[in-house]
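Colleague: Could you walk me through this one before I start on my notes? I'd like to begin with how helices cross.

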Amino acid sequence: MNDQQLLRYSRHILLDEIGIEGQERILAAHALIIGAGGLGSPAALYLGSAGIGHITLVDDDAVDLTNLQRQIAHTSARVGQPKVTSAAEAVLAINPDAAITCIQARADATLLDGLVATATVVLDCTDNYATRHAINAACVRHAKPLVVGAAIRFDGQITVVDPRQANAPCYACIFAPNAEFEEVQCSTMGVFAPLVGIVGAMQAAEALKLVSGAGPSLAGRLLMLDARNMEWSALQVRRDTNCAVCAA
Ligand SMILES: [Zn+2]
């Protein structure tokens with residue numbers, strides 16, 4: 001690290017759990033963030049500010065006026081611009097050293113397979129079950145840690161899938177891929193603005209912990225937030241020995 005970096009990251013370096021070595025690992029890491037909306041915005045801003053060396057953003061959408069209530073990486077001036085380039089501008093304004101790759105595309109299995117293989121950590125900041133399961137399958141296949149976040153109405157959820165841990169469950173162990181889930185999206189159900197900030201910031205925290213080695217991750221635990229009453233609950237989740245994705 002040069003003098004500027006030692007200053008920029010000094011409050012991390014002061015932490016016993018991170019220090020110089022942990023910050024070096026953060027600087028050397030490649031975070032793949034899928035979804036540059038409500039969860040992806042705070043996740044990208046914190047990972048960029050904290051010095052993740054390379055961030056790849058994937059999203060096929062453009063910034064819309066209805067996004068601005070909660071998707072804090074975007075601005076009124078960037079309505080109509082691709083979300084990936086808008087979020088990249090926001091991160092670079094904080095930390096010009098960040099290397100950001102923008103991919104304006106829908107995350108399908110083929111794209112994910114190539115991208116996940118190159119990542120240190122993956123963040124699922126999407127809003128639909130099909131993509132979530134495709135991301136999980138790619139992370140299991142390439143043995144990459146995955147931080148999964150979800151937020152709808154006043155309900156938030158976060159967990160970590162870490163295929164490097166023998167007994168930790170994957171996303172499909174917890175939520176069966178073939179189950180008939182009612183697809184719920186912000187466009188029809190609404191979402192409380194700071195909820196995506198809370199969950200997205202926690203995703204950044206788990207990603208930074210996984211990369212730097214600061215503390216155990218959420219692997220094996222599913223946290224659920226009821227933001228109406230501001231109550232967290234934690235569920236211990238186990239590996240399904242018959243899981244179609246990770247048991248093979
Ligand atoms: Zn599984």
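Modeller: A word on terms comes before the helices: a crossing is called left-handed if the near helix is turned anticlockwise from the far one by less than a right angle, and right-handed if it is turned clockwise. Please keep in mind that this is a predicted model.

Colleague: Which hand does the crossing of helix 4 and helix 10 have?

Modeller: The crossing of these two helices, helix 4 and helix 10, is right-handed. On the side of helix 4 the contact is made by Pro 42, Ala 43, Tyr 46 and Leu 47, while helix 10 contributes residues including Gly 197, Gly 200, Ala 204 and Leu 208.

Colleague: And at what angle do helix 4 and helix 10 pack?

Modeller: Helix 4 (residues 40–49) and helix 10 (residues 193–212) pack at about 40 degrees, and their axes are 7 Å apart. The two helices, helix 4 and helix 10, therefore count as oblique to each other.

Colleague: Switching to the metal, what coordinates the zinc ion?

Modeller: The SG atoms of Cys 170, Cys 173, Cys 243 and Cys 246 coordinate the zinc ion at 2.2 to 2.3 Å, and the site is tetrahedral, with angles of 96 to 122 degrees among the four donor atoms. Distant parts of the chain are linked here, since Cys 170 lies in the loop between strand 6 (155–161) and helix 8 (171–174), whereas Cys 246 lies in the segment after strand 8 (231–236), 76 residues apart.

Colleague: Are Cys 170 and Cys 246 buried or exposed?

Modeller: Both Cys 170 and Cys 246 are buried.

Conventions: Residues numbered from 1 in each chain as written. Predicted model: local features only at pLDDT ≥ 70, side-chain atom pairs only at ≥ 80, totals over all residues. Heavy atoms only, no water. Donors = N, O, S within 2.8 Å, 3.2 Å for Na, K, Ca; no water. Tetrahedral: all angles 85-135°; square planar, octahedral: opposite > 155°, others 65-115°. Helix = DSSP H or I, 4+ residues; strand = E, 2+ residues; numbered from the N terminus. Buried < 20%, exposed > 50% of the residue type's maximum accessible area, 1.4 Å probe, protein only. Axes fitted to C-alpha atoms, helices over the stretch in contact; angles between N-to-C directions. Parallel < 35°, antiparallel > 145°, perpendicular 65-115°, else oblique. Contact = heavy atoms within 4.5 Å.
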